[in-house]
Amino acid sequence: MNEILTFTRDMAAAIFHVLDAKAPYGTYGCTGSGAVKSWADIARAVFEAANGNGDKVVPVSTTDYYANAAGPIAPRPAHSALDLSKLSPSASSCPTGRKSWGSTSRRSSRS
């Protein structure tokens, strides 16, 4: 997963850019730009922003998480970051998730 989160506003802008650019038909990966983050990294940032206890988040591997599962488990890739190379030439990149999250949280706190 790329930089923290991808917000619908940013995703919509990228979709409209691809459509307006009349990009070739196909599947386009689109995420916030920046460094790839794990779900634990994302949870840590959310908990830190919400109540200052991001340090309480403990990463758990997929193997450990499903170690005691009682039923069939959907296979998970070891690395699941999206390939953004197809989108890059035809659309402007999405802002970093942290930048979008910051503007969203500022708007939410004023409500």
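Lys 86 sits over the face of Tyr 28, 4.8 Å from the ring centre. A charge counts as over a ring if NZ of Lys or CZ of Arg is within 6 Å of the ring centre and within 35 degrees of the ring normal.

This is a predicted model, in which local features need pLDDT of at least 70 and side-chain atom pairs count only at pLDDT 80 or more, while totals for chains, interfaces and linings use all residues. Residues are numbered from 1 along each chain as its sequence is written, and side-chain values use heavy atoms, with hydrogens and water left out.

**Overall layout**

The protein has 4 helices and 2 strands. Along the sequence they follow the pattern α-β-α-α-β-α. Helices (H or I, at least four residues) and strands (E, at least two) are DSSP runs, numbered from the N terminus. The protein has 111 residues, and 24% of them are buried. Buried means under 20% relative accessible area, exposed over 50%, and partly exposed in between (1.4 Å probe, protein chains only). Contact means heavy atoms within 4.5 Å. Among contacts between residues at least 6 apart in sequence, 83% join residues at least 24 apart.

**Pockets**

Rolling a probe the size of a water molecule over the atoms shows where empty space is left. The search uses a 1 Å grid over the protein atoms alone; a pocket is an open set of points where a 1.4 Å probe fits, with protein on both sides within 12 Å along at least five of seven lines, and lining residues have an atom within 4 Å of a point. Grid points are joined across faces, edges and corners, and a volume is the space filled by probe spheres set on the points.

The largest pocket has a volume of about 590 Å³. It is lined by 20 residues, and the closest to its centre are Ser 38, Trp 39, Ala 40, Val 60 and Thr 62. Helices α2 and α3 (62-65) are the elements that give two or more residues to this lining. By class, the lining has 13 nonpolar, 5 polar and 2 charged residues. Ala, Val, Leu, Ile, Met, Phe, Trp, Tyr, Cys and Pro count as nonpolar, Asp, Glu, Lys and Arg as charged, and the others, Gly among them, as polar.

The second largest pocket has a volume of about 180 Å³. Its lining includes Met 11, Ile 15, Tyr 28 and Leu 87. Here the classes are 10 nonpolar, 2 polar and no charged residues.

**Selected residues**

| Residue | Relative accessibility | Class |
|---|---|---|
| Lys 22 | 72% | exposed |
| Lys 56 | 62% | exposed |
| Tyr 65 | 60% | exposed |
| Arg 44 | 28% | partly exposed |
| Tyr 66 | 25% | partly exposed |

Lys 22 lies in the loop between α1 (8-20) and β1 (32-33). Lys 22 has a positive phi of about 50 degrees, although it is not a glycine.

Arg 44 belongs to helix α2 (residues 39-51). Leaving aside residues up to four places away in sequence, Arg 44 touches Gly 54, Val 57 and Pro 59. Lys 56 is in the loop between α2 and α3. Arg 44 and Lys 56 are 12 residues apart in sequence and 7.7 Å apart in space, C-alpha to C-alpha.

The whole structure holds 1 aromatic pair. Tyr 65 and Tyr 66 form it, edge-to-face, at 4.9 Å centre to centre with 85 degrees between the planes. Rings of Phe, Tyr and Trp (its six-membered ring) pair if their centres lie within 6.5 Å; planes under 30 degrees apart count as stacked, over 60 as edge-to-face and the rest as tilted.
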